[in-house]
Amino acid sequence: MTPERWERVQEIFHAALQIDPQEREMLIERESAGDAELATQVASLLEANDSHGLVGAVPDTGIRLAPSLDFIGPYRVLRTLGQGGMATVYLAERTGEGFTQRVAVKLLRLGFADPRLDDRLLSERQILAQLEHPGIARLVDGGATPEGQPYFAMEYVEGLGLTDYCTQNQLTVSDRLKLFLEVCTVVHFAHQQLVVHRDLKPSNIMVSDDGRVKLLDFGLAKLLDPSHGVEGATLTVPCFTPAYASPEQVRGRQVGTPSDVFSLGVVLYEILSGTLPFQMESASPAEIERIVCNTHPERPSVRVAQKRVRQLLEGDLDTIVLKALAKDPARRYGSAEQLADDIRRHLRGLPVRARPDSMTYRLGKFIQRNRTGVAAAALVAVSLMGGTLVAGWQARRATAQRDLAADEARKAALVTTLMVDLFRLSDPTATLGDRVTARELLDRGVERIEREFGAQPDVQAQVFTEVARVYANLGLLERAEQLARRALDIHNDLHGPESLEASASLDQLGEMHAIQGNNEAAVEEYRRAVAIRSAALTQPDTLLAHIQSELGFLLRSAGEHEEAGDMFTQALETQRQLLGDERPEVAMTLFGLAATFHDRGSFDEAEQLFQNALADYDVARGRPHPMAATALLNVGMIRRLREQYRAGEPLLRAAVSMRSALYKADHPDVIEALAQWGIDLTELGRYAEAEPVLTDGLERSDRSLGVDHPFSSTLREALAVLETATGRHAEAAARFDTSLAVKRDRYGDDHPQLVFALLRSARPLIEGGRLSEAEARLDSALALGDPDSRGVSDLLGLSSKVQIELRRGRLRAADSLLSEAESIARDQLRESHRYTLMLGRERAELFLELDQPDQAVPILQRVLEGERAVRPPPHPRVGSTLRLLGAAYLAQGKGELAEHTLHSAQSELRELPEWHWEVGEVESLLGAALLAQGRPEEALPLLEQGLETVRDYRGPGSRVAVRAERRLALVRGSSPR
Amino acid sequence: MGSDVTQVLIELGQGDRAALDRLLPLVYDELRRLAEGQLRRERVGHTLSPTALVHEAYLKLVQLDRIDWKGRAHFFGACAHSMRRILISYARMKKANKRGAGKEHVPIENVVLAAQEQPAEVVALDEALTKLEQLSERQARIVECRFFAGMGVEETAAALDVSPATVKRDWTTARAFLNRELSR
């Protein structure tokens, strides 16, 4: 079926619905004119319409009422009085001891259990309860139904609506005016109590039989904020009747007393002329807005056929009514009282204050409106943000005393238009099919900017800059970069390549490169930006400091510690001076500086700075915000570097969840946070938790950032470290190979960036027994370091080489390598540093190999203490130390002590798979400890099983397997009982 | 999270460039989060209607007193379509998981509940709706607004910028069409 044919089917369908069911068949036959398929279509639709199908009747209201409405709160419902846009009104009564109270209960449609709404309603009720005036229907009570729908109980007023009253009693013009004066008095009273009605219309103005007016529905009004003198928060969503609504109301602007004056003008127009000023029967919202805001109503007198009445209205009354109906609130009567006053002057034959609205004035307004070039649709949002946006921009450019106002207004309007477009995604005529993505919306916006604003390059540049940021935050990096580059080109043309504008664009471009992992390009852009800005500014500003800090981080990771340190130092000085100490930016720069010191091996300075950075930022404060998330991440990382893994973990976890709330799942910032969290969990020995985090992060990173992105490498290596720790050395080695290949490709073969990857990649090789390969990697890593100042990387390399020599059984070589590493640690690390502890463990291992357990025990006890302080149980690293300690006790002949220690080791190692050699070694040692205590029967299975595990893992010829074999031989050699 | 679309708009107005960054992800993700949270909840008795979900998103994202009625309608309209996608993908998954769990045909009143309890029906509804889309885009949009965001006639009219009378008429047709398709 085609849409055209569907049109035709509907036509007949709706026509049939209008008539008696028995006559439908005839109608279908006639209309389908022999087209059997058409007839079937209509008939089946009619049938489906009558039956209760799967798609039930969705109630007209947004929320369903309770199935049977007997009571609303304590009020028994008698009947429905009326239904409005936002509420249904019921006549209800409450019976108490000796009294029956009749009320009108207004049940709001919008409503559900939301504490904020409750609070608002409560304060609303308190205010309205105080609004006592004989002309205002009293608010009796209010509350919410058990379903959470709010209701108001109001005084029930019997009488007629204002227009009906006037018509039925055939009031004269002057009687109508007198009645209207009463209305004005009541409205003015409410205005003086700072309450605006917002929905004045004849049906809300009741006149009792004795001719007194009573206004209903002040329940929708909202207290004027006395402190600001402007209208504050509305009750729920703005709700009004289009025919009586003011231009500011339909545009969604702030609504105050002038809006009520406008509505009074409409009411006056209606009771005088018998017609409404604006015809908007079944108009769409856009039409309503156009009519109310742009159409100038005819003079009321023109609408009157009776000549005598027309003459009464011509002149003063026309002028008064039209003044009340002025589009611009400032041109209306200043108050309901002033309106009343002019009517009184008219009644007394005095000259009225209102002056006719001149054509020149209206024309002037029209031209003004169109000169701004803002589409009608954008007006809504312009009112919301246009003015203030200009202010913001001007503040940023306080130095440039050019006449920017008109320029900035244009830009503001443009950004606004774009934003309005973004929010128009629900408009089917404007969408591209049904899958409109943020990206498509942005693309369309950019196209428009290209198309319509080619003559205003400065505006284009500004918008490109803004939109580039949005793209970047959606992870659409290529597109972001394109736009940033466009902005730069425009700035170069307009202001010159040495301008501050150009430097700001360079900064953005640098950021794009950095996000994409293109660090060299980023460094280049940042360096240029810093140079331009330093030269152009007499005093460094915060943007310069920001760029310096960003540059510092990139330089740091490129191994340019010296220059990085300079950048951080300069940035820090500016930021401290201009921002104070307590800003996250300062903490970040401090972190960079600290990390640089750390890299250089200046651990004391680094630690001091870490302390400062931690103290400077109060982590607990703040809602989800990119800056807060970054600060959390940094502080978490600082804690990790300071080996406060446990304290860091919740911060990193929080950073992950905050960034996940702010960005898409595969956004670089989310991936970065995942990596850091996963690394921390690994350090905590929580492998089972860490692995999915790292796997997930790596998968996202490879997919959306690319295999060669630094974050992908970080994650890949972190996962490999985890795999190494849990005995999956083959997988780990493969991962390191990938990561090394990527880095070699990017940096070349001899870049400092390769050092740590080479060092870490040696570990799984050692575990897998590929000792010479591991050695080669370690040697090339050591060769890349600075031979004059040995640092932490050298220490790590030496330590791994010690492991190799221990496995080879070359104890003397191990001893000399270890001594070298120990001297670095003594110079640069504190005693409890994890690397110091690592070396201690190796030293103890060497003593054990040399059969000097008495030397090993105190070292291991110290190491154990240090490790337990930072690694919560169960932690395999603690397990390793306990294993060595157990072996040492065993060698000392302390069987029982060894047994206890080895049981502890087993417990700490429980995160490792059962086939891991350490697990087997501990079993074997435990067996030996039992044997030493004369318990061979218990010992035997442990010794056998342990040997098997170790043999399978490390190979039958390995030193550890040979030792386990010897232990088993001891029990076999001992005489069976 | 207390992020606030309105506030973002206003902050943007005050020249806070960073506000722009936060706007889009908020609108898109909030609803998904709410709906998914809802769908994960096992106890059926606590399942919210789409209306409530969308209102919740609205309350969370927009300060009621600072946005105009058209902004609200557009917001809801946007939610309607997202809701459809969210619920349909959920229902597909659910349907795959509980193949052949023969359920009696009960009218779909709460589409969130239905996505859990009658995934097959919800998927069928989506398919029928896709058919309708080809005949009349507007009618499909109206069904989305009414059904997946629980919007009233007036709101739907405002969101789609058509008259309420058109919405009522289209809704009648669309419902008959869907019921016919689903009973086949």
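## A residue in helix H31 of chain A

A:Leu765 is part of helix H31 of chain A, in a model that is predicted. This leucine has 24 other C-beta atoms within 10 Å, and because the cut-off for a buried residue is 20 or more, A:Leu765 is classed as buried. Not counting residues up to four places away in sequence, A:Leu765 touches A:Ala733, A:Arg770, A:Glu773 and A:Ala774.

## Helix H31 against helix H33

Two packed helices are described by the angle between their axes and the distance between the axes. For helix H31 (residues 754-767) and helix H33 (residues 792-808), both of chain A, the angle is about 15° and the axes are 10 Å apart. Angles under 35 degrees count as roughly parallel, and H31(A) and H33(A) are therefore roughly parallel to each other. The crossing in which H31(A) passes H33(A) is left-handed.

On the side of H31(A), the residues that take part are A:Val755, A:Phe756, A:Leu759, A:Ala762, A:Arg763 and A:Ile766, and they meet A:Ser793, A:Leu796, A:Gly797, A:Ser800, A:Gln803 and A:Ile804 of H33(A). Sorted by class, this contact of H31(A) with H33(A) holds seven nonpolar, four polar and one charged residues.

## Helix H8 against helix H11

Elsewhere in chain A, helix H8 (residues 257-273) packs with helix H11 (residues 316-324) at an angle of about 145°, and their axes lie 7 Å apart. The crossing of H8(A) and H11(A) is left-handed.

From H8(A), the residues A:Val261, A:Phe262, A:Leu264, A:Gly265, A:Leu268, A:Tyr269 and A:Leu272 meet A:Leu317, A:Val321 and A:Ala324 of H11(A). By class, the contact of H8(A) with H11(A) has nine nonpolar residues, one polar residue and no charged residues.

## Backbone geometry in the loops of chain A

Most residues other than glycine have a negative phi, and most peptide bonds are trans. A:Gln170, which is not a glycine, has a positive phi of about 45°, and it is placed in the loop between helix H5 (162-168) and helix H6 (173-192) of chain A. With 7 other C-beta atoms within 10 Å, A:Gln170 is exposed. A:Arg198 is also not a glycine and has a positive phi, with a value near 80°, and its place is in the loop between strand E8 (195-196) and strand E9 (205-207) of chain A. A:Arg198 counts as buried, with 26 C-beta neighbours inside 10 Å.

The peptide bond that joins A:Pro873 and A:Pro874 is cis, with omega at about -5°. A:Pro874 is found in the loop between helix H36 (853-870) and helix H37 (876-891) of chain A.

## Chain A as a whole and its confidence

Chain A contains 41 helices and 12 strands, and 49% of its 977 residues count as buried. Among the contacts in chain A with a separation of 6 or more, 58% are between residues 24 or more positions apart.

The mean pLDDT of chain A is 79, with 78% of its residues reaching 70 or more. Over residues 111-116 of chain A pLDDT stays under 50, and the model has 10 contacts beyond four places in sequence for this stretch. Over residues 422-436 of chain A pLDDT likewise stays under 50, and here the model has 26 contacts beyond four places in sequence. Where pLDDT is low, the predicted coordinates should not be read in detail.

## Chain B

Chain B has nine helices and zero strands, and its pattern read along the sequence is α-α-α-α-α-α-α-α-α. Of its 184 residues, 57% count as buried, while residues 24 or more positions apart account for 67% of the contacts in chain B with a separation of 6 or more.

Within chain B, the axes of helix H6 (residues 119-135) and helix H7 (residues 137-148) come within 5 Å and cross at roughly 140°. B:Leu129, B:Leu132 and B:Glu133 of H6(B) meet B:Glu137, B:Gln139, B:Ala140 and B:Val143 of H7(B). By class, the contact of H6(B) with H7(B) is made up of four nonpolar, one polar and two charged residues.

Note on methods:
Residues are numbered from 1 along each chain as its sequence is written. Chains are lettered from A and ligands numbered from 1 in the order in which they are written. This is a predicted model: local features need pLDDT of at least 70, side-chain atom pairs count only at pLDDT 80 or more; totals for chains, interfaces and linings use all residues. Axes are lines fitted to C-alpha atoms, for helices over the stretch in contact, and angles run from 0 to 180 degrees between N-to-C directions. Helices (H or I, at least four residues) and strands (E, at least two) are DSSP runs, numbered from the N terminus. Two residues are in contact if their C-beta atoms, placed from the backbone, lie within 7 Å. Ala, Val, Leu, Ile, Met, Phe, Trp, Tyr, Cys and Pro count as nonpolar, Asp, Glu, Lys and Arg as charged, and the others, Gly among them, as polar. pLDDT is the predictor's confidence in each residue, from 0 to 100. A residue is buried if 20 or more other C-beta atoms lie within 10 Å of its own, exposed if 12 or fewer, and partly exposed in between; C-beta atoms are placed from the backbone. Angles under 35 degrees count as roughly parallel, over 145 as roughly antiparallel, 65 to 115 as roughly perpendicular and the rest as oblique. A crossing is left-handed if the near helix is turned anticlockwise from the far one by less than a right angle, and right-handed if clockwise.
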